Amino acid sequence: MMNPETRRARRQSRRSPARARMGFTLIELLVVIAIIAILAAILFPVFAQAREAARAASCKSNLKQIGNAVHMYSQDYDETLPNSGSSGGSGDLVGLLRPYTKQNEGQGIWRCPSHGEFTSSYTSSYGYNWEYLLAAGPDYPHSDYNGFSNSGLQLSALGRPSDTLCFMDSGAPTGNPNLWSYVVRPGDTINNDGMGRPHFRHQGQANVLFCDGHVKVVRPSFIDPANEKQNWDPR
């Protein structure tokens, strides 16, 4: 018959492997950490791209709603595109279109979710093709900065509305504290305060609203002066 000490020793020997399996070795922990790090390195860029895709979609929706406001304005003003909005206390196009958008400057549809530099001195993340879509005196279509109180073009003057820029993603010129709802044409060297420049903030691309109301993603070649007549000039 087995004595008590022998039985106790056998029970302890049977339990010891189980106890050993309950913990992790240092090597096992390092392997797990390495796997987590690899998965994070793979998934974080994917999550970032998904977030940017959502922002870009929201930006397109903003431009689509702005396009609807431009269309309603034109219907109310005898088939005429918006004027600059700089007269009559409107401030700029944001104020001019407020009866149709129900949005104040720098808010709602006027602010692109990917526009990280946006400040309280900006009225809009999107710039209007003012140098071609305002009927500004003898220098048309390359109207100057002082042509802002002029009316917009008649819709009948749009020879290619599906190719002609209406609004696009824009950003403030370097050194200027303000950004208004206008964007300068390709190759224009003016650097007036508030006059925006095309801004390709969606992974190197920009969203554009065309005069027929559709929104499209464009690459930097869109602002090549060689393409100005195709994409900016409505005639």
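In which loop does Lys-102 lie? Lys-102 belongs to the loop between α4 (98–101) and β1, where helices (H or I, at least four residues) and strands (E, at least two) are DSSP runs numbered from the N terminus. The model is predicted, so local features need pLDDT of at least 70 and side-chain atom pairs count only at pLDDT 80 or more, while totals for chains, interfaces and linings use all residues. Residues are numbered from 1 along each chain as its sequence is written, and side-chain values use heavy atoms, with hydrogens and water left out.

**Overall architecture**

- The protein contains 6 helices and 6 strands, which follow the pattern α-α-α-α-β-α-β-β-β-β-β-α along the sequence.
- Of the 235 residues in the protein, 39% are buried; buried means under 20% relative accessible area, exposed over 50%, and partly exposed in between (1.4 Å probe, protein chains only).
- Among contacts (heavy atoms within 4.5 Å) with a separation of 6 or more, 62% join residues 24 or more positions apart.
- The accessible surface comes to about 12800 Å², and carbon and sulfur atoms account for 55% of this surface; the areas come from the Shrake-Rupley method with a 1.4 Å probe, and for residues only the protein chains shown count as cover.

**Nonpolar cores**

- A nonpolar core is a set of buried Ala, Val, Leu, Ile, Met, Phe, Trp, Tyr and Cys residues joined through side-chain atoms within 4.5 Å.
- The largest such core has 27 residues, and Ile-66, Tyr-128, Leu-133, Cys-166 and Phe-167 touch the most other members.
- At least two residues of this core come from each of α2 (26–76), α3 (93–96), β1 (126–128), α5 (130–133) and β2 (165–171).
- The greatest share is that of α2, with 5 residues.
- A second, separate core consists of 11 residues, including Leu-165, Val-183, Ala-206 and Phe-210.
- Not counting residues up to four places away in sequence, Cys-166 touches Val-70, Gly-127, Tyr-128, Asn-129, Leu-133, Leu-209, Phe-210 and Cys-211.

**Nonpolar surface patch**

- Ile-27, Val-31, Ile-35 and Leu-39 make a nonpolar surface patch of about 380 Å².
- Patches are made of residues with over 30% relative accessible area and no salt bridge; like charges are joined within 9 Å, and nonpolar side chains (Val, Leu, Ile, Met, Phe, Trp, Tyr) within 5 Å.
- A salt bridge, in turn, is a side-chain nitrogen of Lys or Arg within 4 Å of a carboxyl oxygen of Asp or Glu.
- Ile-35 is part of helix α2 and counts as partly exposed because its relative accessibility is 46%.

- Most residues other than glycine have a negative phi.
- Lys-102, which is not a glycine, has a positive phi near 60 degrees.
- Lys-102 is exposed because its relative accessible area is 65%.
- The side chain of Lys-102 reaches the backbone oxygen of Pro-99 at 3.0 Å; a polar contact is a pair of N or O atoms within 3.5 Å, where within protein one must be able to donate a hydrogen and the other to accept it, and residues adjacent in sequence count only if both atoms are side-chain atoms.
- The C-alpha atoms of Lys-102 and Ala-69 are separated by 9.7 Å, with the two residues 33 apart along the chain.
- Gln-203 likewise has a positive phi, of about 55 degrees, although it is not a glycine.
- Gln-203 is in the loop between β4 (194–198) and β5 (206–210) and is exposed, with a relative accessible area of 57%.

**Buried polar residues in loops**

- Ser-124 lies in the loop between α4 and β1 and is buried, at 0% relative accessible area.
- A polar atom of the Ser-124 side chain lies 2.8 Å from the backbone oxygen of Tyr-126.
- Beyond its neighbours within four places in sequence, Ser-124 is in contact with Val-94, Trp-110, Phe-118, Leu-179, Trp-180 and Ser-181.
- His-202 is in the loop between β4 and β5 and counts as buried, with 5% relative accessibility.
- The His-202 side chain makes polar contacts with the side chain of Ser-114 at 3.5 Å and with the side chain of Asp-169 at 3.4 Å.
- With neighbours within four places in sequence left aside, residues in contact with His-202 include Glu-52, Arg-55, Ala-56, Cys-59, Cys-112 and Asn-207.
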